[in-house]
Amino acid sequence: SPVLLRGKIYFDEERLGGFYPLGFFYQQALQANESFLWNPSYYGGFPSYLNVFGGFLYPLHYALFTLFSVLTAYHLAIALAVLAGMVFSYLFGRKSGFSKVGSFMLAVSYTMGQTFGAFATGLSYANGFLVLPMLFYALLLVKQTRMAWVRWGAIILGSAGMGIGFLAGFPQTVLYGVTFAFGYALFLDLGEGGSLTFFKGLDFFQKFSVTLCFLAMLLIAVFIGSPQLLPMLDLQEFSVRVHGYTASVSSGLNPLELVTLILPDGMSIPFLVHGTPGFYIGVLSLFFAVSAVLFLKSRAVWFFTLSYILMLLMAFAVPPFSWVNTSLPIFSRVSGAARWLMIGVFAFGYLAASGYDLFFWRLEDLKNNVKFRRFLCVVGLATLLFFFALVGVAVLINFFSADRELKTYVLSFLLRGREL
């Protein structure tokens with residue numbers, strides 16, 4: 001991409017064989033004023049607009065692929081989506097009462113956990129990234145304001161976020177994000193304090209005004225996304241995405257993958273563990289998140305903590321929570337359940353922001369807290385052990401690399417029974 005990546009591109013099997021050619025076909029069709037609904041060059045012909053990685057029906061994509069070269073348009077679309085997701089994460093943090101730095105930490109933590117390598121990912125993942133913060137910000141606006149025009153604006157904003165997700169987002173993460181947002185709407189309605197009069201008359205409408213606004217957003221978004229959703233649902237039975245697909249292609253995460261909490265998800269230890277997106281939010285953010293869980297008692301902290309734990313249990317396929325992924329309609333037709341973590345990381349980021357503000361506002365009180373002192377001792381000891389572990393691994397790798405016979409023996413042991 002000449003504009004964003006100094007003339008370079010990311011390359012691997014998916015990008016070179018799928019994502020970039022898909023964008024090239026889309027741009028060629030636009031330039032030739034031809035239909036992009038059917039691609040005659042893919043096998044015997046294929047409705048490429050139904051591919052979840054293209055977003056052909058999204059107006060912003062239409063504009064970008066019309067105005068710029070294919071690689072610039074592709075990466076610029078990713079950059080704009082990720083930037084929008086970060087901005088709305090920050091705005092949600094500020095609306096939640098966090099400081100500017102705490103809100104920034106929420107945005108950065110969410111970004112690092114889901115799109116740390118955003119330019120190297122599919123365009124649909126980036127578009128799905130912005131859905132959750134837009135929805136949460138819109139729902140909180142509905143909860144906190146009494147002005148009708150602001151609530152209508154929030155409904156439009158939330159509808160736009162979900163509509164973008166339905167048109168151009170990755171369906172699985174959009175589905176998970178919308179589910180999480182529904183839970184947040186119920187949490188706001190069942191919360192303490194405040195009364196809304198957006199729906200006047202019946203107590204039910206007053207009590208569940210945020211949830212009803214969420215349902216209104218969903219209905220509008222389904223209408224916006226219907227050109228993409230309806231054909232996909234109609235043709236789904238001809239794909240591999242049948243009921244029970246999730247259970248057949250995925251299993252619970254390896255517990256060793258928890259190491260990604262302290263190391264970036266690009267890290268991998270051959271034959272043992274591969275990094276998993278959704279865990280890593282930075283060591284400092286992890287420290288603040290744990291601090292919030294241990295020392296900050298509030299309804300919001302409990303909600304986001306329990307939400308993250310629930311998504312963690314589903315990602316690890318722990319019964320009975322795994323039933324959602326294996327048996328519940330729609331959820332049982334998507335891919336690996338580990339992608340719950342890509343949504344759960346938003347809750348993780350909220351806890352990190354809470355922990356930062358806890359330190360910022362209550363540091364003097366914490367200094368006199370015996371439990372907090374013990375917590376700092378444990379963190380310090382863990383950091384020291386981790387440092388020595390890294391040094392030990394470096395020494396072992398150097399020793400291993402220098403001994404050819406040992407290297408041959410270990411590789412033979414690890415590769416036994418495998419066909420190369």
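Is C377 buried or exposed? C377 has a relative accessible area of 57%, and because exposed means over 50%, C377 counts as exposed. This value, like the others in this report, is computed from a predicted model.

## Overall make-up

The protein chain contains 17 helices and 2 strands. Of its 420 residues, 45% count as buried.

Among contacts in the protein chain with a separation of 6 or more, 72% are between residues 24 or more positions apart.

C213 has a relative accessibility of 0%, and buried means under 20%, so C213 falls in the buried class.

A disulfide is a covalent bond between the sulfur atoms of two cysteines. The structure holds 0 disulfides.

In soluble globular proteins, nonpolar side chains tend to be buried together. The largest nonpolar core in this model has 104 residues. Helix α15, which spans residues 340-367, provides the largest share of this core, with 15 residues.

The residues with the most contacts inside the core are F92, F136, L139, M162, F180, Y184 and F304. One of them, F180, can be followed through its neighbours. Leaving out residues up to four places away in sequence, F180 touches L132, F136, F303, F304, S307, M311, I343, F346 and A347.

## A buried serine

S109 belongs to helix α4, which covers residues 100-115. S109 has 0% relative accessibility, so it counts as buried.

Apart from residues up to four places away in sequence, S109 touches I281, S285, V345, G349 and A352.

## The largest pocket

The largest pocket has a volume of about 1800 Å³. It is lined by 50 residues, and those closest to its centre are L50, N51, V52, P171 and M232.

Which helix gives the most to the lining of this pocket? Helix α1 does, with 9 residues. At least two lining residues each come from α1 (13-31), α7 (148-168), α8 (171-189) and α10 (209-235).

Technical notes
Residues are numbered from 1 along each chain as its sequence is written. This is a predicted model: local features need pLDDT of at least 70, side-chain atom pairs count only at pLDDT 80 or more; totals for chains, interfaces and linings use all residues. Side-chain values use heavy atoms; hydrogens and water are left out. Helices (H or I, at least four residues) and strands (E, at least two) are DSSP runs, numbered from the N terminus. Buried means under 20% relative accessible area, exposed over 50%, partly exposed in between (1.4 Å probe, protein chains only). Contact means heavy atoms within 4.5 Å. A nonpolar core is a set of buried Ala, Val, Leu, Ile, Met, Phe, Trp, Tyr and Cys residues joined through side-chain atoms within 4.5 Å. A disulfide is a pair of cysteine sulfur atoms within 2.5 Å. On a 1 Å grid over the protein atoms alone, a cavity is a set of points where a 1.4 Å probe fits but cannot get out, and a pocket is an open set with protein on both sides within 12 Å along at least five of seven lines; lining residues have an atom within 4 Å of a point. Grid points are joined across faces, edges and corners, and a volume is the space filled by probe spheres set on the points.
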